[in-house]
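Thanks for coming. I have one structure to go through today, and I will keep to what can be read from its coordinates.

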Amino acid sequence: MTSLAGSQNTDRDIDPNAPPRPDELPTVADVKAARQRIAGAAVRTPMLESILLNQRLGGRLLIKPECLQKTGSFKFRGAYNKLSSLSDAEKACGVVAYSSGNHAQGVAAAAQMLGIDATIVMPADAPAIKLANTRAYGANVITYDRFTENREAIGNAIASEKGAVLVAPYDDPYVMAGQGTIGYEIAEQVKELGAVPDAVLVNCGGGGLISGTALALSDAMPGLPVYAVEPALFDDTKRSLESGNREKVPPEARSICDALLAPMPGRLTFALNKKLLAGGFGVTDDEVREAMRVAFTELKLVVEPGGAVSLAAILSGKIDIEGKTLVAVVSGGNVDPAQFAEILAEGS
């Protein structure tokens, strides 16, 4: 969008099915502004690789580990960019967010740092570590049943009652611009490593991370293919890219990737993604589990299921890496210890 200035408490007045206007979408300039805004608050996560894993794959795999970001996921970037952009009057009214856990923690931590009251709507079956951490950051947590209740309706009602700013998990230009800062870091880091990537794979739920990252890469590395990776039963972005329309996830779909269970691509995010993405891949829960094990044994990373899907797509051969250089964004590491131990033990 040409400018992200002005009141941000307008989300509830927009038709969720209306095509976005050009001025609703973030621009390259907005991502660059977000970089400056979050500098000193967010971590410039490293670029990692394993010599042994590269030998096994026959190519070069570079990992961008956002599991090492503050709050354990990339979500802090977008949350901090959004909250730090609010006016003093908006900050005084507080913020409301709905999230399966990572956006919740990002908003709660950013709110704590900026002295803003935060209320977070979270599914009752969210990983215990995500619920506990969100409360530890000082947020008021309200739980709901993700299969029978509508989190958007709950969040909107609370925001209306409080006069608070609703911080959407992905369909918000400030959030998208904040996540897009990853794209500029990738471009800088591959250059520092002397690498020329053939493609970048990014995990995708509602599409905030990949839309922002693809936007930045379209400026920093024009022509570089960017692919979305999703759980196989939640491949709504992949199917939407193929059909040209936003496709929904079947209500019976289930996955261990709790961070990537959005019901359909975002209104704003898909408007960018259908212009910027080269395609999409879906991975099974078993492929995700194997990727979590490989991340731990080869890269010493603790990765949650939703954070591992891009790596899973490469390890399972969804995209050919032989003789090529691929970048995979590992988006989060907030996995319950018991679940992580069980997944590691399955591979022993």
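I start in a loop: Lys-300 is found between helices H13 and H14 (309-315). The phi of Lys-300 is near 60°, a positive value in a residue other than glycine. Lys-300 is exposed, with a relative accessible area of 62%. For the accessibility terms, buried is under 20% relative accessible area, exposed is over 50%, and partly exposed is in between, with a 1.4 Å probe and protein chains only.

Before going on, the ground rules. This is a predicted model, in which local features need pLDDT of at least 70 and side-chain atom pairs count only at pLDDT 80 or more, while totals for chains, interfaces and linings use all residues. Residues are numbered from 1 along each chain as its sequence is written, and side-chain values use heavy atoms, with hydrogens and water left out.

There is another residue with a positive phi to look at. Thr-71 is not a glycine either, and its phi is about 65°. Where is Thr-71 found? It sits in the loop between E1 and H3. Thr-71 is buried, at a relative accessible area of 11%.

In E1, five of six residues are buried, so the strand is mostly covered. E1 pairs with strand E9 (residues 325-330) in the parallel sense, over six bridges; two strands count as paired if DSSP finds at least two bridges between them. Within this pair, Pro-65 stands opposite Val-330 in E9. Helix H3 (residues 75-84) is mostly covered as well, with nine of its ten residues buried. Among the buried residues of H3 are Lys-75, Arg-77 and Lys-82, along with Phe-76 and Tyr-80.

Now strand E7 (residues 226-231). How many of its six residues are buried? Six of the six are. On one pairing, E7 is joined to strand E6 (residues 199-203) by four bridges, and the two run parallel. Asn-203 has Val-229 in E7 as its bridge partner. E7 also runs parallel to strand E8 (residues 279-283), with five bridges joining them. There, Tyr-227 stands opposite Gly-279 in E8.

E6, helix H10 (residues 208-220) and E7 make a right-handed β-α-β unit. Right-handed here means that, with the strands pointing away from the viewer, the path from the first strand over the helix to the second runs clockwise.

On to salt bridges. The rule is a side-chain nitrogen of Lys or Arg within 4 Å of a carboxyl oxygen of Asp or Glu. By this rule the count comes to 23.

I will show three of them. In one, the side chains of Glu-49 and Arg-60 meet at 2.8 Å, N to O. Glu-49 lies in the loop between helix H1 (28-38) and helix H2 (51-57) and Arg-60 in strand E1 (residues 60-65), so the pair ties together parts eleven residues apart in sequence. Glu-49 is partly exposed at 33% relative accessible area, and Arg-60 is partly exposed at 24%.

Another salt bridge joins Asp-258 and Lys-130, at 2.7 Å, N to O. Asp-258 lies in the loop between helix H11 (236-243) and helix H12 (267-276), and Lys-130 in helix H6 (residues 128-136), so this pair ties together parts that are 128 residues apart in sequence. Are Asp-258 and Lys-130 buried or exposed? Both are buried.

Glu-290 forms a salt bridge with Arg-293, with the closest N and O atoms 3.1 Å apart. Both lie in helix H13 (residues 285-299), three residues apart, about one turn of the helix. Glu-290 counts as partly exposed at 35% relative accessibility, whereas Arg-293 counts as buried at 15%. These two residues belong to a salt-bridge network that links Asp-286, Arg-289, Glu-290, Arg-293 and Glu-346.

That is the end of my tour. I am happy to go back to any of these views.
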